[in-house]
Amino acid sequence: SCVHTENCFVPISEIIAVEETEYNKKQRNIGRWQKMAKLHAFTVYYVKKARNHRWRCSDVTFWCADEHLCNQWIQALKELLEMQKSRPKQLLVYINPYGGKRQGKRIYEQKVAPLFSLASISTDVVVTEHANHAKDNLFEVNIYKYDGVVCVGGDGMFSEVMHGLIGRMQKDSGIDQNNPKASLVQCNIRIGIIPAGSTDCICYSTVGISDPVTSALHIIVGDCQPLDVSSVHHNNTFLKYSVSLLGYGFYGDILKDSEKKRWMGPMRYDYSGFKTFLSHHYYEGTIAYQPAKHTHGSPRDKESCRTGCYICKKSEKQLAEQNKEHGLKHEEGEEEWKVIKGKFLAINAVSMSCACPRSPKGLSPAAHLADGSADLILVRKCSRFDFLRYLVRHTNQDDQFDFPFVDVYRVKCFQFTSKPSEDNESNVMDIGKKRFGQFCRDHPACCCNIVNSTWNCDGETLDSSAIQVRVHCQLMKLFARGIEENCKDEASYSQSSIEQLL
């Protein structure tokens, strides 16, 4: 008999733990059972789904007069939980104590550690002391004894752990990351993100909410979401991996400007965004890309990537078949490159929607997490008013690609070269242009053209403007399940369950 009057239907995959319960601690709940001499009970802790993809740990206690029967139930449920092979038993945890609002350590200790303990997960915790601490540490530790690596922090902390884990995998497999055509080894050790930063874009785009408890529960139940990763190279030198945004022009300039104003906190992005918008700089260059012919979707689709996405599954299968037939290097050489020259206000390549609370649809609403492609968005030189119309569409439901000055392509690799790099000029005029450009940066109302922008790679600047980018299908895995279709709120869920019973 259940102490709650409402009916609960919980799949085994969403049970967190089962524990024997001391009956006298909960005497107030047992009502009519109190007359009996001896009671036995067990408590089931499970995932309760609330609105906006938020998960919570809830519990229900069962009472029983027969000790043997009670123990049988506990044993049976524990055996069923043991059969959930995707669940982690041992985790390596990195906490960034400085990121965001400096709450990482407190969030982990108060909200996450008790849940891991309840689920019998053992953890090795490393509190990072400097930049790249986690990345360097991942090259030294025995990572193969862990079922996953958890990072507590923002997108920067995730990026550091990802670079460490993917880099370690390539090193152990003898693969040279500096070779842009190298076929990278898939990283099967999952990464969990406990959001505690100023930006949690990756968590928001893969879970649907930036909430530490929700993310901890996704880790406990052993969810798995494959993720595409783009490698960025310059002249056969590896620069960075990207999973969300590669932005040149507008988003690169915002980042470069905001880096000088870190003392302002998160408000610096608004300030730098407004300043960059007023500057209205355009950049000249050439883009060459290979279309992602293997994928079944298009950037103009109305359907978004959701849990169990069939486009991601089909694309993975098709890409694997293509690679089997041709071999990666051979195929890349054969396929035709499309070339676009022009003057651009922004060049964005996104591997996921890049949705966040301010932009619920993101930069590319139909981008997929794991289809082996990126959406390349080119915003050509246009008036300030038109560019503002484009930016505003990130915040509403209108089609943000429906402008004559915006082009979008689904690609599997691309290259960009800025005009100055093409011309390779080193004369006095060029030096003068650079100096004049710097002068204009300090006078935001000026419309003149600065020679080069900076690439924004998942919130970090890249030194080179000329880059080669290639998407690696499902290179890594997260403790997530993608964004689930909107479930109804709890009240209507319980009501419909009761109606079905009646």
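Is Trp455 buried or exposed? Select Trp455 in the viewer: this residue is buried, with a relative accessible area of 0%. Here, buried means under 20% relative accessible area, exposed means over 50%, and partly exposed lies in between, with a 1.4 Å probe and protein chains only.

Two remarks apply before the tour continues. This is a predicted model, in which local features need pLDDT of at least 70 and side-chain atom pairs count only at pLDDT 80 or more, while totals for chains, interfaces and linings use all residues. Residues are numbered from 1 along each chain as its sequence is written, and side-chain values use heavy atoms, with hydrogens and water left out.

**Aromatic pairs**

A pair of aromatic rings is described by the distance of the centres and the angle of the planes. Rings of Phe, Tyr and Trp (its six-membered ring) pair if their centres lie within 6.5 Å; planes under 30 degrees apart count as stacked, over 60 as edge-to-face and the rest as tilted. The structure holds 16 aromatic pairs.

Select Tyr108 and Phe116. Their ring centres are 6.3 Å apart and their planes stand at 65°, so the pair is edge-to-face. Tyr108 is buried at a relative accessible area of 4%, and Phe116 is buried at 1%.

Phe414 belongs to strand β14 (residues 406-418) and Trp455 to strand β15 (residues 455-457), so the pair ties together parts that are 41 residues apart in sequence. Helices (H or I, at least four residues) and strands (E, at least two) are DSSP runs, numbered from the N terminus. Phe414 is buried as well, with a relative accessible area of 2%.

**Leu376 in strand β13**

Move to Leu376, which lies in strand β13 (residues 374-380). Leu376 has 0% relative accessibility and counts as buried. A contact means heavy atoms within 4.5 Å. Not counting residues up to four places away in sequence, Leu376 touches several residues, including Ile287, Tyr289, Val408 and Phe414. Leu376 and Val408 are 32 residues apart in sequence, and their C-alpha atoms are 5.5 Å apart in space.

**Leu363 in a loop**

Leu363 is found in the loop between β12 (338-350) and β13. Leu363 is buried, with a relative accessible area of 7%. Its C-alpha atom is separated by 8.6 Å from that of Met352, 11 residues away along the chain. Leaving out residues up to four places away in sequence, Leu363 touches a set of residues, among them Leu245, Tyr251, Ile377 and Phe401.

**Helix α7**

Where does Tyr251 belong? Tyr251 is in α7, where Phe250, Gly252 and Asp253 are also among the buried residues. Eight of the 10 residues of helix α7 (residues 250-259) are buried, so this helix is largely enclosed by the rest of the structure. Now select Phe250, Tyr251, Phe277, Phe387, Tyr390, Phe403 and Phe405 together: ring pairs link these residues into a cluster.

**Cysteines**

How many disulfides are there? A disulfide is a pair of cysteine sulfur atoms within 2.5 Å, and by this rule the count comes to zero. Select Cys64, whose sulfur is 5.6 Å from the closest cysteine sulfur, in Cys70, too far for a bond. Cys64 is buried, with a relative accessible area of 12%. Cys151 is in no disulfide either, for the nearest cysteine sulfur, that of Cys203, is 9.1 Å away. Cys151 counts as buried at 0% relative accessibility.
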